[in-house]
Structures are given as structure tokens and as C-alpha cells.
Amino acid sequence: MEKKVMIFDSTLRDGAQSNGISFTVEDKLKIVKDLDFLGISYIEAGNPGSNPKDAEFFNRMKGVKLKNSVLTAFGSTRRCGINAEDDSNLAALLTAETPAVAVFGKAWDFHVTDIIKTTLEENLAMIFDTVKFLKDKGKEVFFDAEHFFDGYKNNPEYAMAALKSAVDAGADHLSLCDTNGGCFPDEIYEMTKTVCDEFKISVGIHCHNDCGMAVADSLFAVKAGADHVQGTFTGFGERCGNTCLTNIIGVLQAKREIECIPPENLNMLSRMAAEISEIANYKLSKREPFVGKYAFAHKGGMHIDGVSKAPKSFEHINPDIVGNRRRFLTSEVAGKSTIISIIRKIAPYIEKNSKECELVMEKLKEMEYLGYQYEGADQGFELLIRKTIGKYKPFFKLETFKIISQYEEKARMTEEEFLKETAAAVIKVNVKGKSEITAAEGMGPVDALDKALRKALEVFYPQLSTVRLTDYKVRVLDSRAAAASKVRVVIESADEEDSWSTIGVSQDIIEASLLALTDSIEYKLIKEIEKLKELY
């Protein structure tokens, strides 16, 4: 790869401004470790002058040597009417002791006169003084030209003057910001090209996604000459989010052969997207390009047949390149080829035209008629196959269960009371003639059931101690039936190595949940047996 584009990750700074995202110091330390391991060029990890948590983070990072990434602290230009050396925020930037700093300043004259309420001349001085002060302290400096594109549309001469002030002061990088996220790719291209032609230093792009074009805008900026892209790792951020860097890396490196991270690390992209999302408590979209669970998933029979014969017929890249995998979704429209490929995982000797394959196809159609939908519960379908072809032996029998709910009017509850466990479950199971009865509390009846069931079964199967419930979805199948409607419950479970999905359908939401939970545990135990077979 001859051309390179640096990736400037702002997950821990701009991403932290997303609704629902709140990083602890430990979270930030873990994400820095992941991003460095992947080979991200710069990690913008927060503003040490804005809050004690960021200050503590940078203090703990002192002395930590990163292998691939340059840790970067974020701040603003000096305040109006004071010297740079007297500005407390700039002083905080220095205490972070990072090799690089990113400072933002105004490039839109409207913001200068109407938002920070100073003169156009003073704003240029603020930019120059700040950059020079930081360069004199030996820092690598990114100047983030806030609202550059809107500023250029309104007053191009002033927007360019703001950049010139930073360049004249010795800035190492200019970052052009589409802060409102409202620009079109052709506009981004033209204005970025103007800047690249004018200033012979590193130029980057920082886009927000308010019109859904942040990735496209960033790619057009690269086409115009930008050599670094700012964004967040999976795209979350303020309002509609930021440029999704997994998309950027996927497009530039996997499709355009423009190096963004070390080539040998590209196949870690999907795993890192999942890990960082998990740390951030952010639900990564299964339809996220390149790294989502469904990015290379096929359902229609013709599509599956085509991919089976020649993957490029319906896939734009090999999923292995970005560490993802191909999935054939199970449904009545998937066709025999898909069904037989799953059956052969369990019984390799079964042929496409065999009686067993016909039985599975008929059972699948019957279950989908009843409301089951296995395309989102692959492991649930594997269990259905085992039961249909005689490859299933239950690990336990659920003898009785009882749910005890505690109800109080939420409006009268304190926050501490609201967060307490609100339900209990009592469960009796039988394993090979031995009974075990136990109880557990949870945040609602399903959580209590899950905990009680695993607690009872761990007496017989200690392997279940690593299993946890990671997702729970309910869909009403016929809203016209009101309270008598069937519901479909899909749960996702995980252990230390894997995740899997199972399904239950019933008119009783508790029963549907219990069906999915028992299948989840059965799948885990089958998986453990298969693992032992491989070892011996």
C-alpha cells in the first residue's frame, strides 16, 4: 500500500458526548489499550481541564508507553483578553503530558462575533497565541478549525485566515470540522481541496453525521487530499454521532488499499468493534457495514446459492479480511442448501435429498407458522434440528417454577429503591433423577428466572457459571389479539468465548422467556460436550 491515511480516534472525547455514554477511568484505559493494539495513529482521550475524571485518566497514563498510538489531549484556544500562559485550560493541557494536543478555535465569523462575542482580530490572535504557546512547549499540535465549512460558505477569506494563523504559529496539522454535520460530499471535496492547495501541511477532516453523510464526507475529503480522518470507532457521538471509523478503515484499507492501520491488524477490526462497544455499553448495530453481525448475512435462497458458488456474486469483500464471517440465515425461504449446511454441522452424513432433510424443512415451516423466526436465533435452530433428527438428549427437566413480583408505584419509589431487584423466582430442576430447588432475585421476572435456573443447574454443571444474559427482545406477533397475543422472545447469551441466540414463542411472556432460556443453557452444554470431543 503506497498511500496512508492516519486515523485520529475521538471515541473517548467526542464519543463521550453521546447520549447514554459515560466512560469510567477504567473504561478509558481499556479502550486506549484496544485502540493501540489495533494500530490507531492518534487517540484523543479527553479534556484534562474540563473534569476530574479526565484529569485522573491522564495522570494514570503518565509513564505508559503505547506501541502504535500517540495519546492526545484536547482543549480550546486561550480565552479572550488573556495571555496563553495565564490560561488555566492550556495549563491543564500541559499537565496531561501527552506528546500531542488538539485545540479547537473558531473559523466561522458568526461564531466569533455572536457566540464568543469578541472581535475577528482577537480570535485570530487567540489561535496564533495558543498554537505558538503549545509548540514552544514541544507539543505536536492539531488545530481543529471548528465550523470551518459553514464559516467558509459565509466568509471564505476569514475561514482561511483562521487556518493561516494556526499555520503561521507552527501547527503540525489542520483539522477541518463540519461541526453541524450539514455539508454535502461535493462541498467537502471542493473546500478541502482549496485548503490542501493553499497550505502544504497535514490536513484532516472531522465530520458529524447529522445528515447521515459523515463517512461519505470524510472519504471525499481524503480524495481531495486530506491525510487524516477524525471520528469515533463505531460512530457514536453528540446528536447523530461522528464519522464511523470502522467504516472508514473498511472502505479505505479493504477496498482502496490505503493503509489506515497495520495491514496485519485489519482482521481484528470486527472483534475490536465488538469489544469497544461492550466497554462503552453501546449496542453495536448488527447491520453496521464491515463489522456488524449481519454485514455478510444472506437469507434469500438465490443469494445463498450464488454466494455458495462464488462469494463475490453477493459480497463486496471477503468477510475474513475484516475479521467478520459469512452467515446464512435460517428461514423457509433460505432453501435446502442452507438447511443442509447447518444439518451437516450436527450430522455430516445427511444428504440434501434425505428423509432427515425433508423432516427439518417441514418442521421449520411448521415452527415459523407458529411464530418462530430462526434467522435471529441460529443456535435455537441447531437445537430444533437435533430434536427433529434424533440427535437431542435433554440435560435437565424443569419440574416447577414460581415467580414472585414486588410491585410499588414507581412515582413513589426512591432511585435506590427503583434500582433494587424487583422480582424473585423459585425453580426446581431434575438432573438424572436428582432434584435441586433454588431461588434468586432479579431486575424483573425474566432476570430472576435466568439467575435461578442457572444457579440450580450449576450444582450439576459448573460450566454454566460463565454464562450471562446479554440481550433480550420481545415482539408481539398479533397486536389485534391484545393481551391474548402470542409473543416471540429472542435472548442472546454469552460466555467467555462466544455468544449465541435462542428463541421462545407463547401467549405467556414468562413461558416464552423460559423456553428461550432453557434452550440457551442446553446449547451451552452441548457446546461443552463438542469441545471435549475435539480434545479427545
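Trainee: Is I427 buried or exposed?

Mentor: In this predicted model, I427 has a relative accessible area of 0%, and it is therefore buried, since that category covers values under 20%. The residue belongs to strand 12, which runs over residues 423–431.

Trainee: Which residues does I427 touch, leaving out those up to four places away in sequence?

Mentor: I427 touches L398, T400, F401, E436, I437, T438, L449, A452 and L453. For L398, which is 29 residues away along the chain, the C-alpha atom is separated from that of I427 by 7.7 Å.

Trainee: Let us turn to helices. What is the span of helix 14 from its first C-alpha to its last, and how does one read it?

Mentor: Helix 14 comprises 16 residues, 355–370, and reaches 23 Å between those two atoms, which is close to the 22 Å expected at 1.5 Å a residue. After the helix comes G371, whose phi is positive, near 120 degrees.

Trainee: Which residues of helix 14 are buried, and where do they lie around the axis?

Mentor: The general idea is that an α-helix has 3.6 residues a turn, so residues three or four places apart point the same way. In helix 14 the buried residues are C357, V360, M361, L364, M367 and E368. They cover an arc of only 130 degrees around the axis, which puts them on the same side of helix 14. The face turned away from that buried side carries the exposed residues K355 and Y369.

Trainee: How many aromatic pairs does the structure hold, and how should I describe one of them?

Mentor: A pair of aromatic rings is described by the distance of the centres and the angle of the planes. The structure holds twelve aromatic pairs. One of them joins F148 and F149, whose ring centres are 5.3 Å apart and whose planes stand at 80 degrees, so the pair is edge-to-face. F148 counts as buried at 0% relative accessibility, and F149 likewise counts as buried at 0%.

Trainee: What does the geometry of W500 and Y523 make of that pair?

Mentor: The ring centres of W500 and Y523 are 5.8 Å apart and their planes are at 45 degrees, so the pair is tilted. The pair links distant parts of the chain, with W500 in strand 16 (residues 499–506) and Y523 in helix 18 (residues 509–535), 23 residues apart. W500 counts as buried at 0% relative accessibility, while Y523 is buried with a relative accessible area of 12%.

Trainee: Which residues form an aromatic cluster, and which lysines lie over the face of a ring?

Mentor: F8, Y42 and F142 form one aromatic cluster. As for the lysines, K28 lies over the face of F57, at 5.2 Å from the ring centre, and K387 lies over the face of Y392, at 5.1 Å from the ring centre.

Trainee: Finally, how many disulfides does a search of the whole structure find?

Mentor: A disulfide is a covalent bond between the sulfur atoms of two cysteines. The search of the whole structure finds zero disulfides. C183 is in none, and the nearest cysteine sulfur, that of C207, is 7.8 Å away; C183 is itself buried, with a relative accessible area of 0%. For C244, the closest cysteine sulfur is in C260 at 12 Å, too far for a bond, and C244 is buried with a relative accessible area of 6%.

How values were computed
Residues are numbered from 1 along each chain as its sequence is written. This is a predicted model: local features need pLDDT of at least 70, side-chain atom pairs count only at pLDDT 80 or more; totals for chains, interfaces and linings use all residues. Side-chain values use heavy atoms; hydrogens and water are left out. Helices (H or I, at least four residues) and strands (E, at least two) are DSSP runs, numbered from the N terminus. The expected span of a helix is 1.5 Å times one less than its number of residues. Buried means under 20% relative accessible area, exposed over 50%, partly exposed in between (1.4 Å probe, protein chains only). The arc is that of the directions from the helix axis to the C-beta atoms. Rings of Phe, Tyr and Trp (its six-membered ring) pair if their centres lie within 6.5 Å; planes under 30 degrees apart count as stacked, over 60 as edge-to-face and the rest as tilted. A charge sits over a ring if NZ of Lys or CZ of Arg is within 6 Å of the ring centre and within 35 degrees of the ring normal. A disulfide is a pair of cysteine sulfur atoms within 2.5 Å. Contact means heavy atoms within 4.5 Å.
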